[in-house]
Amino acid sequence: MDVKYWNDFADEYDEFVIDAFTYGRSNTIAATVERFASPELDIADYGCGPGKMLPFLARKFHYVYGYDFSDKLLDIARRHCVQLKNVEIAQADLSQPVDHLPMTDVIVSLNAVIMPDPKIRTQFMRGMASRIKPGGHLIMNVPSVESLLYTAFRETEWYRRQGYTPQKAEFQTDISSLTGPRRLAQGVLNRGSEPTKHYLREELMVLVRDEMRLDLVDMIKMEYDWKTDFENDDIPDWMGEPYPWDWLVIAKAK
Ligand SMILES: C[S@@+](CC[C@H](N)C(=O)[O-])C[C@H]1O[C@@H](n2cnc3c(N)ncnc32)[C@H](O)[C@@H]1O
């Protein structure tokens, strides 16, 4: 998941990436960001990609910074923000020291800290946390380990309801997200064919406290509709709540 990986994605981003801001149920991301919004505060989007959220942030905050290391995705982000006077978009490798970036009242980061390399991940998280003004907030969305296993459980149930025996239903269930034991133990699971870091709820509690040194305010489920998880669009009516989810972490700088 280096710059080349994300640059290669740029032209097909909308086709392949189900982003949390656009596809989350009940506008959870927008509603959460609004809790911390004010025309007097500045916000930065760490790993903004094509900048889908930046125009919304520009309406809610005084000044908005969008950072990413993919020049191709940033070109798209700039096109989204051409008319906006209070948005600044800049290229930055956020796994490297970020002391030169301005401190902001709020930092939002949606599915950016998902690289399998633990060192890069930790540097990204620590750097990001260090650029929040005292008393300011972090809003970070990341994939959930629990949700991925729960989705497999629901898929198996779906096969059972179609008449498969419990054993056959288990056998039919898509396990392509599962990696080898070493990676699995670290929450690194495939998204498509790409090893992607997923997080446990308790793991995030520890990371917020010990790596980012922030105070956890809230951790909520950022839910998606089932059709975003299954390739089959014909989702049966009984497959309602609970829906699949990402973890949305809200934390406060000391
Ligand atoms: C799944 S995309 C999410 C993009 C956007 N936040 C969204 O929700 O549509 C992950 C983004 O993180 C960016 N990214 C990953 N590692 C990065 C790094 N070390 N420095 C800056 N950006 C990074 C990628 O370029 C990509 O745009």
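Author: The protein chain has 11 helices and 9 strands; helices (H or I, at least four residues) and strands (E, at least two) are DSSP runs, numbered from the N terminus. The radius of gyration, taken over C-alpha atoms, is 19 Å, close to the 18 Å that the globule rule gives for 254 residues, so the chain is as compact as a globular protein of that length. That rule is 2.2 Å times the number of residues to the power 0.38. This is a predicted model: local features need pLDDT of at least 70, side-chain atom pairs count only at pLDDT 80 or more, and totals for chains, interfaces and linings use all residues. Residues are numbered from 1 along each chain as its sequence is written.

Reader: Which residues of helix H4 are buried?

Author: A residue is buried if 20 or more other C-beta atoms, placed from the backbone, lie within 10 Å of its own, exposed if 12 or fewer, and partly exposed in between. In H4 (residues 28-35), the buried ones are Thr28, Ile29, Thr32 and Val33. They cover an arc of only 125 degrees around the axis, which puts them on the same side of H4; the arc is that of the directions from the helix axis to the C-beta atoms. Ala31 and Glu34, on the other side of H4, are exposed.

Reader: Why can residues a few places apart point the same way?

Author: An α-helix has 3.6 residues a turn, so residues three or four places apart point the same way.

Reader: How much of the protein chain is buried?

Author: Buried residues make up 37% of the 254 residues.
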